[in-house]
Amino acid sequence: MSKPKWLARIKDLEWTSYIWLGYLPYSVAIYLPAKTAQDWFWLSLLAIFLVLYILVVEKSTWRPVTIPLELLITGLFSIFKTNNYLIIFPGWQISFILAQHPKKYFYWFLTGYYGFILASLIEVYQSDPNMFGWHNGDIMGLVFPILSPLLSYTLSRSIVRQRQLRQTNRRLQTIIQRDERDRIARDLHDTLGQSFSMITLKTELAKKLLVKAPNKVGPELDDIERTSRENLQLVRSIVNDLHQKSISEVLLEQNQNLLAANVWLVTTGEKQAIQWPTTVQGIFAATLVEALTNVIRHAHAQQVQLGFSEVATQYQVVVQDNGRGGPLERAGANGITGMRARLLAAHGTFEIGQSGHGTRLILSLPKEEYQQ
């Protein structure tokens with residue numbers, strides 16, 4: 001059974017946009033109880049303002065009309081009733097909306113917004129010049145209405161940037177998953193594909209020898225058996241490699257940790273590195289996790305640079321931070337020892353030293369060892 005339309009409509013309302021209306025009764029109470037025609041006039045304008053406020057939220061296509069009208073009504077209160085609190089409503093609501101549109105619309109709105117406030121100040125000054133002074137609390141109270149549109153616009157832009165960042169991360173994850181599929185396909189083609197092709201050829205040869213030279217079939221079958229066993233071992237090796245993280249996966253995870261610690265990650269040669277053999281990526285990825293964790297915990301750095309490069313004889317990764325440097329080995333810490341042991345076990349090299357104001361790691365693996 002479908003829900004009533006009015007209930008679905010209520011659920012779709014953007015309730016966060018109505019939080020500011022909690023302050024509206026203050027402006028209404030000023031004219032209550034209504035005793036004069038002027039009181040009823042201003043109460044009527046407040047009712048129209050409420051309708052316009054809701055329409056601005058709910059009817060985006062009507063905003064070219066409703067936004068100027070809402071600003072006009074609150075501006076009338078500023079000029080003729082010295083009420084600069086009501087104009088705070090569009091200051092926050094409309095600025096928040098316009099932050100997602102071209103800046104020129106926000107500038108147009110600001111012109112009208114500050115124009116009304118300036119006009120109200122001129123009106124107050126003409127009626128009583130002594131009103132302007134630091135002793136007057138109402139004048140000091142103008143600070144919030146003046147800053148409101150700027151604060152709201154900045155907040156909205158910040159929220160939009162955060163959303164865009166999350167979207168970018170989701171897209172990156174999708175790209176990494178696609179790269180992983182490509183990497184697995186490449187591994188299967190370069191290893192198992194060739195071996196199975198050889199088994200097929202040897203099987204066809206054995207069938208022919210079975211008729212022409214049966215005494216030569218046995219060695220061919222032994223060769224097929226040996227190749228099959230090697231393929232089985234190869235499958236186990238590939239499955240084991242799949243459990244290792246790639247460089248892209250580690251960079252995506254560690255970049256989030258670095259950002260949380262206010263450390264910027266800059267990389268060079270990353271596009272080339274994600275094409276390196278799976279085993280090479282797995283060894284470097286595990287080492288980078290430890291290296292970047294050390295940067296977050298101990299380096300007090302604002303930036304860390306990762307340089308991936310490849311020459312004729314080796315793969316190399318350079319990790320450079322701009323932290324305070326200091327002792328390279330810490331008592332009771334196994335991070336550096338573990339990284340060195342991992343690289344040496346893979347027949348690679350591990351170097352660590354001071355460079356400028358930070359620490360530099362140089363990790364390398366021999367190409368000949370891991371080329372397929």
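This is a predicted model: local features need pLDDT of at least 70, side-chain atom pairs count only at pLDDT 80 or more; totals for chains, interfaces and linings use all residues.
# Notebook: looking around the model

I started at Gln254, which sits in helix H10. Is Gln254 buried or exposed? Its relative accessibility is 7%, so I put it down as buried, the cut-off being under 20%. I then looked up what Gln254 touches, skipping neighbours within four places in sequence, and got Val289, Leu292 and Thr293.

**Whole protein.** I stepped back for the overview. I find 14 helices and five strands. The protein has 372 residues, and 36% of them count as buried. Taking contacts with a separation of 6 or more, I see that 67% are between residues 24 or more positions apart. The accessible surface is about 22700 Å², and carbon and sulfur atoms hold 60% of that.

**The core.** Next I went to the largest nonpolar core, which has 33 residues. Which residues have the most contacts inside it? My list reads Trp276, Phe284, Val304, Leu306, Phe308, Val317 and Leu365. Both helices and strands give two or more residues here: helices H10 (247-260), H12 (278-299) and H13 (335-345), along with strands E2 (303-310), E3 (314-321) and E5 (358-366). H12 gives the most, with nine residues.

Leaving out residues up to four places away in sequence, Trp276 touches Arg186, Ile247, Gln281, Phe284, Phe308, Ser309, Glu310, Tyr315, Gln316 and Val317.

**Helix H5.** Why do I call H5 largely enclosed by the rest of the structure? Because 10 of the 11 residues in this helix, which spans residues 88-98, are buried. I wrote them down as Ile88, Phe89, Pro90, Gly91, Trp92, Gln93, Ile94, Ser95, Ile97 and Leu98. The cover over these buried residues includes helices H2 (24-29), H3 (37-58), H4 (63-81), H6 (103-127) and H8 (143-212).

**H3 against H4.** Two of those covering helices, H3 and H4, also pack together, with their axes 9 Å apart and an angle of about 150°. I noted the crossing as left-handed. On the H3 side, the residues making the contact include Trp42, Leu45, Phe49 and Tyr53. On the H4 side, I noted Ile67, Ile73, Phe77 and Phe80 among them. The residues of this contact divide into 16 nonpolar, two polar and three charged.

**Ile184.** I moved to helix H8, where Ile184 has its place. With a relative accessible area of 28%, Ile184 is partly exposed.

I went looking for exceptions.

- The peptide bond from Leu32 to Pro33 is cis, with omega near -10°. Pro33 is in the loop between H2 and H3.
- Asn262 has a positive phi, near 60°. I found Asn262 in the loop between H10 and strand E1 (264-268). Asn262 is exposed, at 62% relative accessible area.
- His300 has a positive phi as well, near 55°. The loop holding His300 runs between H12 and E2.

Note on methods. Residues are numbered from 1 along each chain as its sequence is written. Side-chain values use heavy atoms; hydrogens and water are left out. Helices (H or I, at least four residues) and strands (E, at least two) are DSSP runs, numbered from the N terminus. Buried means under 20% relative accessible area, exposed over 50%, partly exposed in between (1.4 Å probe, protein chains only). Contact means heavy atoms within 4.5 Å. Accessible areas come from the Shrake-Rupley method with a 1.4 Å probe; for residues, only the protein chains shown count as cover. A nonpolar core is a set of buried Ala, Val, Leu, Ile, Met, Phe, Trp, Tyr and Cys residues joined through side-chain atoms within 4.5 Å. Axes are lines fitted to C-alpha atoms, for helices over the stretch in contact, and angles run from 0 to 180 degrees between N-to-C directions. A crossing is left-handed if the near helix is turned anticlockwise from the far one by less than a right angle, and right-handed if clockwise. Ala, Val, Leu, Ile, Met, Phe, Trp, Tyr, Cys and Pro count as nonpolar, Asp, Glu, Lys and Arg as charged, and the others, Gly among them, as polar.
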